[in-house]
Amino acid sequence: MSDEFDRVVPLDELPDFEVAEGDPDVRGWEVLASDGTRIGEVDDLLVDTDAMKVRYLDVDLTSDFDAGEDRHILVPIGYARLAESDDRVIVDELSAADIAALPLYDHSPLTREYETDLRSRYDRDNVGTRDDTDFYASDLYDPDRFYSARRQSRGNPMA
């Protein structure tokens, strides 16, 4: 049973994986909320090793949100977008005030319960749990939403 939950893993823990050629490695990029507040920076990417897709951005929050502690949240990849010209990630529908309502990410293996709770906080149309075959079948997990502005400007619809 644990194998099914070990499929979404931090990229830093996958020595044979790397960011796809042509896509920027956003680790270290600052993350801005919808109100322009800097909420942190991308610490890592969580990769679904079965689908070979990034599912979450691991955001290391600024000290404004963590009271001096190392505090991380996960942002579904489709919930954010690139501002590549500035080396930034924008989370359009997340205000700085919304941060307190998000569950912390403690770098433990992700469980379906944790992901379901996380999804319910980002997806207002969420109607409960989904089975494993379509859990990620949502705009929240669509990497094309994250990379869309970049791909449109290049005229190259990379998969």
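Helices (H or I, at least four residues) and strands (E, at least two) are DSSP runs, numbered from the N terminus. The model on screen is predicted, so local features need pLDDT of at least 70 and side-chain atom pairs count only at pLDDT 80 or more, while totals for chains, interfaces and linings use all residues. Residues are numbered from 1 along each chain as its sequence is written, and side-chain values use heavy atoms, with hydrogens and water left out.

**Stop 1: helix α3**

Select Arg 112 and Glu 115. Both belong to helix α3 (residues 112–122) and are three residues apart, about one turn of the helix. They form a salt bridge (a side-chain nitrogen of Lys or Arg within 4 Å of a carboxyl oxygen of Asp or Glu), with the closest N and O atoms 3.3 Å apart. Arg 112 and Glu 115 are both buried; buried means under 20% relative accessible area, exposed over 50% and partly exposed in between (1.4 Å probe, protein chains only).

**Stop 2: Arg 7 and Asp 48**

The whole structure holds 13 salt bridges. One of them joins the side chains of Arg 7 and Asp 48, at 2.8 Å from N to O. This pair links distant parts of the chain: Arg 7 is in the loop between α1 (2–5) and β1 (8–10), and Asp 48 is in strand β3 (residues 38–48), 41 residues apart. Arg 7 is buried at a relative accessible area of 17%, and Asp 48 is buried at 0%.

**Stop 3: Asp 25 and Arg 27**

Here the side chains of Asp 25 and Arg 27 meet in a salt bridge of 2.5 Å, N to O. Asp 25 is partly exposed at 34% relative accessibility, as is Arg 27 at 27%.

**Stop 4: the aromatic cluster**

Select Tyr 56, Phe 135, Tyr 136 and Tyr 141, which form one aromatic cluster. Rings of Phe, Tyr and Trp (its six-membered ring) pair if their centres lie within 6.5 Å; planes under 30 degrees apart count as stacked, over 60 as edge-to-face and the rest as tilted. The count by this rule is six aromatic pairs. Phe 135 and Tyr 141 are a tilted pair because their planes stand at 40°, with ring centres 6.0 Å apart. Phe 135 is buried at 1% relative accessibility, and Tyr 141 is buried at 1%. Tyr 136 and Tyr 141 have planes at 85° and centres 4.9 Å apart, so that pair is edge-to-face. Tyr 136 is buried at 9% relative accessibility.

**Stop 5: charges over the rings**

A charge sits over a ring if NZ of Lys or CZ of Arg is within 6 Å of the ring centre and within 35 degrees of the ring normal. Show Arg 55 again: its charged end sits over the ring of Tyr 136, 4.2 Å from the centre. Then return to Arg 112, which lies over the face of Phe 135 at 4.1 Å from the ring centre.
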